[in-house]
Amino acid sequence: MRKHIVAGNWKMNNGLIQTETLIVELKKQEKTSDAEVMIAPTFTNLWHAFQSAKQSGIEVIAQNMHFAENGAYTGEISAGMLKSIGIQTVILGHSERRAYFNETDESLAKKVDAALANGMRVIFCFGEELSDRKSGNEEIIVESQLKNALFHLSTDAFKHIVLAYEPVWAIGTGETATPDQAQTMHAFIRKTIAEKYGNDVADSISILYGGSVKPSNAKEIFSKPDVDGGLIGGASLKAEDFFAIVNAF
Ligand code: PGA
C-alpha cells in the first residue's frame, strides 16, 4: 500500500522560539491516522527542530538545498550538510523557488541527483500556473516538468521520490483545486509514471496534493483514490489545524 504523508511547509516563518513553541504544541496533538507526519522549518532552526521532535513521530525535513556538495556557493546549503544533522528528506522545486529564485527543471534535476546520491528522500513539487489551466495546457506542463526534472532517474532511484502536485494558482490563495480536479491530475501523473517506469512503480509512489489544504477541505481531497497526502503551507503553522489535516485520513 502507498504511504500516506502529510508534510507542513513552514516557508520563511518562525524564529527559534516560535519553532520550539509550535513543536511543543504539535507533540501534544493526538494522531489518529496512519499518515507519516513531516515539518519543514527554516534552515536556521533545523538542528533545534530535529532535536526537539526526536521520538515524536514527526520527521523534520528541509525546504531546499543546493546541488553541489560544497564549495564557493555563498549562502547555500548542501545535501551532505543536511545529512550531517540528521535530515533525511528535502522538498525540491517548490513553485516559490521556481518563481522567485529562478529554479528550473534543469537545475532541479541536479538537485534531485545530489539528494539521492546522499541517500535522501525527495518531495518533488511541480504544477501548472493559472494561465496554463485556463488554456487547457495543464497536463502538458505537468508532464514536461516530470520528464525534464525526474525521468532521467533509474527505476530504483525514482522509488525515493515523493511527488507533490501543487497547482500554482491554489498556493496561498485560499483557492483549492476541487477534489475532482486533484484526482484527475493525480491519475494523469500516475499514468505518466506508469508509462515510463511501469505499473508497480506508479502504484507505489505517493502523490501529495498541495494548495490551500485546510481542515475543512482535507477529508474530501484525501478521499480521492490517487491523492496520498498533502503538502500544507499556511495551515501547518497552527498545531490543531495541521493535525486536523493529518487526521483527515
Ligand atoms: P498553502 O501552501 O497551503 O498555504 O496554499 C502550500 C504550499 O506552498 O506547499
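Is Asn-14 buried, partly exposed or exposed? Asn-14 turns out to be partly exposed, with a relative accessible area of 23%. Buried means under 20% and exposed means over 50%, so Asn-14 lands in between, at 23%. Keep in mind that this is a predicted model.

**The overall picture**

- Taken along the principal axes, a box of roughly 45 × 45 × 35 Å holds the C-alpha atoms of the protein chain.
- Of the 249 residues, 54% count as buried.
- If you look at contacts between residues at least 6 apart in sequence, 72% of them join residues at least 24 apart.

**The sheet**

- Strands of a sheet pair through backbone hydrogen bonds, and they can do so either parallel or antiparallel.
- This model has an open sheet of eight strands with parallel pairing, and the strand order is 3-2-1-8-7-6-5-4.
- At the edges sit strand 3 (58-60) and strand 4 (89-92), and each of these pairs on one side only.
- From one strand to the next, the twist averages 25°.

**Zooming in on strand 7**

- On one side, strand 7 (residues 207-210) has a parallel partner in strand 6 (residues 161-165), and three bridges link the two.
- Within that pairing, Ile-207 in strand 7 stands opposite Leu-163.
- Strand 7 also runs parallel to strand 8 (residues 229-232), with two bridges joining them.
- Gly-210 has Leu-231 in strand 8 as its bridge partner.
- To get from strand 7 to strand 8, the chain passes through helix 11 (residues 215-222), and this β-α-β crossover is right-handed.
- In a regular strand, the side chains alternate between the two faces of the sheet.
- What covers which face here?

**The nonpolar cores**

- In soluble globular proteins, nonpolar side chains tend to be buried together.
- The largest nonpolar core here has 68 residues, and the members that touch the most others are Phe-124, Leu-150, Phe-158, Ile-161, Leu-163 and Ile-189.
- Helix 9 (residues 179-197) gives this core its largest share, seven residues.
- Apart from this core lies another one, of twelve residues, including Ala-7, Ala-40, Ile-123 and Leu-231.
- Take Leu-150 as an example: not counting residues up to four places away in sequence, Leu-150 touches Val-112, Phe-124, Gln-145, Phe-158, Ile-161, Leu-163 and Tyr-197.

- Asn-14, from the opening question, is in the loop between strand 1 and helix 1.
- Lys-11 is found in that loop too, between strand 1 (5-9) and helix 1 (16-28).
- Lys-11 has a positive phi of about 55°, although Lys-11 is not a glycine.
- Asn-14 also has a positive phi, near 80°, in a residue other than glycine.

- Lys-111 belongs to helix 5 (residues 105-117).
- Is Lys-111 buried or exposed? Lys-111 counts as buried, at 5% relative accessibility.
- Leaving aside neighbours within four places in sequence, Lys-111 is in contact with Asn-64, Met-65, His-66, Phe-67, Leu-92 and Glu-103.
- Phe-242 is part of helix 12 (residues 239-246), and Phe-242 is buried, with a relative accessible area of 0%.
- Leaving aside neighbours within four places in sequence, the contacts of Phe-242 include Val-6, Ala-7, Gly-8, Leu-26, Val-37, Met-38, Ile-39 and Ile-232.
- Phe-242 and Ile-232 are ten residues apart along the chain, and 7.9 Å separates their C-alpha atoms.

Notes: Residues numbered from 1 in each chain as written. Predicted model: local features only at pLDDT ≥ 70, side-chain atom pairs only at ≥ 80, totals over all residues. Heavy atoms only, no water. Pairing = 2+ DSSP bridges. Helix = DSSP H or I, 4+ residues; strand = E, 2+ residues; numbered from the N terminus. Right-handed = clockwise from strand over helix to strand, strands pointing away. Core = buried A, V, L, I, M, F, W, Y, C linked by side-chain atoms within 4.5 Å. Buried < 20%, exposed > 50% of the residue type's maximum accessible area, 1.4 Å probe, protein only. Contact = heavy atoms within 4.5 Å. Axes fitted to C-alpha atoms, helices over the stretch in contact; angles between N-to-C directions.
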